[in-house]
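Please look over the sequence and the structure shown below. A short report on some of the features follows.

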Amino acid sequence: MAHRLRPVGLDFVAAAPVRLVFAREISAAPERVFPALANDVAGWPEWFAAVTSARATDDGAGREIRLRGGTRFRETILAAEAPEVYAYRVDVTNAPGARALVEEWRLTPAGAGTRVQWTFAADGTAPFRHALKLARPGLARAFRGAVTSLDRRLGR
């Protein structure tokens, strides 16, 4: 059953009760990575294996995302500042126990490539927060696989 989450802003990324931060350097430059994140929402399933469906909504101001296992998100874009930051807030989800969720992708130059940092900031019931902490290794693997796949895709 889908439920509405608390509408938080970009400042929630630093203040969330649960913050999972992952980073990896890839060879593609930030100017190539940013458009893949922000402008090609429909392309996410091609490089992020956990995403089965993605589409922009509200003339690009929002997104609808479906994950493997059936989790769904309706999101609002909070920041799209090329080529440095892309962030979105989950407004509606079927994930039980979630109360607020923001994901931020921060891109910084690293030599000729990019340091990609993904912050998963969340609040929810105690079981939800505990489950997220337990999910850290799986989310780390998903992130590593996604940015490696994105780097290969952008290298074509």
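## Charged pairs, hairpins and backbone

Glu46 is exposed, with a relative accessible area of 54%; here exposed means over 50% relative accessible area, buried means under 20%, and partly exposed is in between (1.4 Å probe, protein chains only). The model is a predicted one, in which local features need pLDDT of at least 70, side-chain atom pairs count only at pLDDT 80 or more, and totals for chains, interfaces and linings use all residues. Residues are numbered from 1 along each chain as its sequence is written, and side-chain values use heavy atoms, with hydrogens and water left out.

Side chains of opposite charge can pair when their charged atoms come close. A salt bridge is counted when a side-chain nitrogen of Lys or Arg is within 4 Å of a carboxyl oxygen of Asp or Glu. The count by this rule is 8 salt bridges.

| Pair | N to O distance |
|---|---|
| Arg153 and Glu46 | 2.6 Å |
| Arg153 and Asp40 | 3.5 Å |
| Asp91 and Arg89 | 2.7 Å |

Helices (H or I, at least four residues) and strands (E, at least two) are DSSP runs, numbered from the N terminus. Arg153 counts as buried because its relative accessibility is 19%, whereas Asp40, at 29%, counts as partly exposed. Arg153 also forms a salt bridge with Glu46. Glu46 belongs to helix α3 and Arg153 to helix α4, so this second pair ties together parts that are 107 residues apart in sequence.

In the pair of Asp91 and Arg89, both residues are buried. Salt bridges that share partners also join Arg6, Asp123 and Arg129 into one network.

Next come the strands. Two strands pair if DSSP finds at least two bridges between them. Strand β6 (residues 85–93) pairs with strand β7 (residues 98–110) in the antiparallel sense, over 5 bridges. Across this pairing, Arg89 stands opposite Val102 in β7. The two strands form a hairpin with 4 residues between them, and Gly97 in the turn has a positive phi of about 90°.

β7 also pairs with strand β8 (residues 113–124), again in the antiparallel sense, over 12 bridges. Here Thr108 has Arg115 in β8 as its bridge partner. How many residues lie between β7 and β8 in their hairpin? There are 2 residues between them, and Gly111 in the turn has a positive phi of about 65°. In a regular strand the side chains alternate between the two faces of the sheet.

Some backbone angles remain. Most residues other than glycine have a negative phi, and most peptide bonds are trans. Asp58 is not a glycine, but has a positive phi of about 50°. Asp58 is in the loop between β3 (51–57) and β4 (62–67), and is exposed, with a relative accessible area of 60%. Asp59 is also in the loop between β3 and β4. Phi of Asp59 is positive, near 55°, and Asp59 is exposed at 89% relative accessible area.

A cis peptide bond joins Ala82 and Pro83, with omega about -10°. Pro83 is found in the loop between β5 (72–81) and β6.
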